[in-house]
Amino acid sequence: MSLRLNTNYNESEKSWEVELIGEVDINSKAALKDELIQLNDKRQSDFVFKCENLEYIDSTGLGVLISFYKNVKINNNTVHFEKLKPSILKIFTLTGLDRIFSIRN
Amino acid sequence: MRESINMSLPSKPEYVSVARLTASFVANQMGFDIETIEDIKLAVGEACNNAILHSGSDETYKLEFIKLSDNLTIEVIDHGKGFSIEKYKKPEAEELQESGLGLFIIKSLMDSVEIETSEGQGTKIIMSKIVE
């Protein structure tokens, strides 16, 4: 299994919606990073990550999200995570990222 | 009872999932619960990431899964650049560290972790989990 992304700009919410499907790991992190940078170049706004089908994330994947968050924050935009699976939420909590990212479960 | 599974993998990101799948399989076979299987899988993934990121010119790294009656021990051995364990410190989330999280995750999820490393000598991560 690798990573699949569905992206959509939500006009009413004025935010990018990014559905993460599969695994964000050392193998897929570069593709994710490129896609996020492209979206943010296209339109700077808030980002909502839909994580219902995110099965796995490792420290390299978290690294991509952390540095992307720094980029987004420069323009006073935010990053939200929705519907994290318990195993994924555990890693966010363990690493303290639950206090940095906005998590809506 | 002692059985061990040995693997040698190319130091490339696309093969880490082979190690993770093996970890899930072995942990499941030993009767760990689903949450613990996920923990072991992630710890193995992080150790492999570490081996790849520090691999230098070495083209492969090794894994050994050692099944004991009450314990699963996993060794991940690379012959790469190694790193200075003294310079490693636990990352602070507030500082938004992007590196160093891997070892922290391994230490948090496994029951015991030993790291043998020095600059230029490669790295051996030995981690184990007790079957409850």
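Q: In what order do the elements of chain B run from the N terminus on?
A: They go β-α-α-β-β-α-β-β. Helices (H or I, at least four residues) and strands (E, at least two) are DSSP runs, numbered from the N terminus. Heads-up: this is a predicted model, where local features need pLDDT of at least 70 and side-chain atom pairs count only at pLDDT 80 or more, while totals for chains, interfaces and linings use all residues. Residues are numbered from 1 along each chain as its sequence is written, and chains are lettered from A and ligands numbered from 1 in the order they're written.
Q: How many helices and strands does chain B have?
A: Three helices and five strands.
Q: And what percentage of chain B counts as buried?
A: 37% of its 132 residues. Buried means 20 or more other C-beta atoms, placed from the backbone, lie within 10 Å of the residue's own.
Q: Switching to chain A: how do strand 1 and strand 2 pair, parallel or antiparallel?
A: Antiparallel, with eight bridges between residues 3-10 and residues 15-24. Strands pair if DSSP finds at least two bridges between them. Leu5(A), for example, has Leu20(A) as its bridge partner.
Q: What's in the turn of that hairpin?
A: Four residues sit between the two strands, and Lys14(A) in the turn has a positive phi of about 50 degrees.
Q: Which residue of strand 3 stands opposite Glu17(A)?
A: Val48(A). Strand 3 (residues 46-50) of chain A runs parallel to strand 2, joined by five bridges.
Q: How many bridges does strand 2 of chain A make with strand 4?
A: Three, in the parallel sense, with strand 4 covering residues 54-57. There, Val24(A) is partnered with Ile57(A).

Note on methods:
Buried ≥ 20, exposed ≤ 12 C-beta atoms within 10 Å, placed from the backbone.
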